[in-house]
Amino acid sequence: MDLKQAGSSLDSLVSSFNTRIAELQELVIARNMYPASSVTDLSAIDAALKGMELQVQVIKDRLREETEAIPKAKKLIAASIRQQKKLQSMSVYAPSYLPEKMTTLNLDFDKGLALEASKQQHQLQPNSGYSKLDEEPAALPKEKKGRGSPPLWYITAGELDSLSSYMRGRLTLEKVNAAINDMATYAEANAQLVAAPKKKLAENLWERALELRDIATTEGVKGKHFFLESDMKGPSLKLDNTGKAILTVLRHLGRISETRIGHHRVIILLKPQ
């Protein structure tokens, strides 16, 4: 109900009660013309009228309170309408998909943490014949470890609508922004592997960590969050036609850039300028 309808309904109610009060006043006048003490049959009517007078007085008091509250109600309705319009204008610029805070990264990486100290010492014993892969390379510069979380630069409905129907296809805002969340998860898992010391990695992750470190120190990738095309294993972003279409859209909108290093296709997450 809007402001005008609310005021009109209350005005109609007040008018109806005023009409009823006028009718009762006429009956009171008629009763005074013929006192109930002179006509025995009017005693019951006199008692009923007195009860109605009390009820009318209560109704009048209630109506007066409601009438005094009408201006406040009108102001409240007007403020609510203004707030509604403000929220509607803000919703145009807010993404419809707001992901939950990332709490897990990469299962393989988690399984490789916290190896026993005795096993580490056995691998590093003299004359054990360890290969080049057993040698831990120098730690990466401190600025790489402190570069923060991967950017979560979501797209807006306006950006998606600005694309051609051919490029947009059947993609929705929710699908694309969910894929951006997956990308950040992949990039964070890779950053953890790059920064982790050998003693905290399982043997099956060490070769991958070395490979990612080589990529992380490459010109154009250095200092940035990245993931590999082979990391696209869901839940929202997969290496299928939909996943490739999402990468095309995000590359066009300036959310990612791509490069090829060796046999890897590397996707770099970009930050807002």
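The place of Val-266 is in strand S3, which covers residues 264-269; here strands are DSSP runs of E with at least two residues, helices are DSSP runs of H or I with at least four residues, and both are numbered from the N terminus. The structure is a predicted model, in which local features need pLDDT of at least 70 and side-chain atom pairs count only at pLDDT 80 or more, while totals for chains, interfaces and linings use all residues. Residues are numbered from 1 along each chain as its sequence is written, and side-chain values use heavy atoms, with hydrogens and water left out.

When residues up to four places away in sequence are not counted, Val-266 touches Ile-215, Phe-226, Phe-227, Leu-228, Ser-257, Glu-258, Thr-259 and Ile-261, a contact being defined as heavy atoms within 4.5 Å. The C-alpha atom of Val-266 is separated by 9.1 Å from that of Ser-230, although the two residues are 36 apart along the chain. Over the chain, 70% of the contacts between residues at least 6 apart in sequence join residues at least 24 apart.

The chain contains 10 helices and three strands, and from the N terminus on its elements run α-α-α-α-α-α-α-α-α-β-α-β-β. Of its 273 residues, 29% are buried. Helix H8 (residues 173-195) is largely enclosed by the rest of the structure, because 19 of its 23 residues are buried. At 1.5 Å a residue, the 23 residues of H8 should span 33 Å, and this agrees with its end C-alpha atoms, which are 33 Å apart; the expected span is 1.5 Å times one less than the number of residues in the helix. The 14 residues of helix H9 (residues 203-216) should likewise span 20 Å at 1.5 Å a residue, in agreement with end C-alpha atoms that are 20 Å apart. In H9, the buried residues include Leu-205, Trp-206, Ala-209 and Leu-210, as well as Leu-212, Arg-213, Ile-215 and Ala-216.

Lys-50, found in helix H2, is partly exposed at 47% relative accessibility, and its C-alpha atom is separated by 8.9 Å from that of Val-28, 22 residues away along the chain. Gly-148 occupies the loop between helix H5 (142-145) and helix H6 (157-162) and is partly exposed at 45% relative accessibility. The C-alpha atoms of Gly-148 and Ala-191, which are 43 residues apart along the chain, are separated by 9.9 Å.

Side chains of opposite charge can pair when their charged atoms come close. A search of the whole structure finds eight salt bridges, each being a side-chain nitrogen of Lys or Arg within 4 Å of a carboxyl oxygen of Asp or Glu. One of them joins Arg-62 to Glu-65, with the closest N and O atoms 3.4 Å apart; these residues are three apart in helix H2 (residues 43-91), and are therefore separated by about one helical turn. Glu-65 is partly exposed, at 44% relative accessibility. Glu-258 meets Arg-251 in another salt bridge, at 2.7 Å from N to O, and Glu-258 also pairs with Arg-265, the closest N and O atoms being 2.5 Å apart. The relative accessible area is 26% for Glu-258, which is partly exposed, and 36% for Arg-251, also partly exposed, while Arg-265 counts as partly exposed at 22%. Through salt bridges that share partners, Glu-229, Arg-251, Glu-258 and Arg-265 are joined into one network.

A cis peptide bond, with omega of about 10°, joins Gly-234 and Pro-235. Pro-235 lies in the loop between strand S1 (226-228) and helix H10 (241-252).

How values were computed: Buried < 20%, exposed > 50% of the residue type's maximum accessible area, 1.4 Å probe, protein only.
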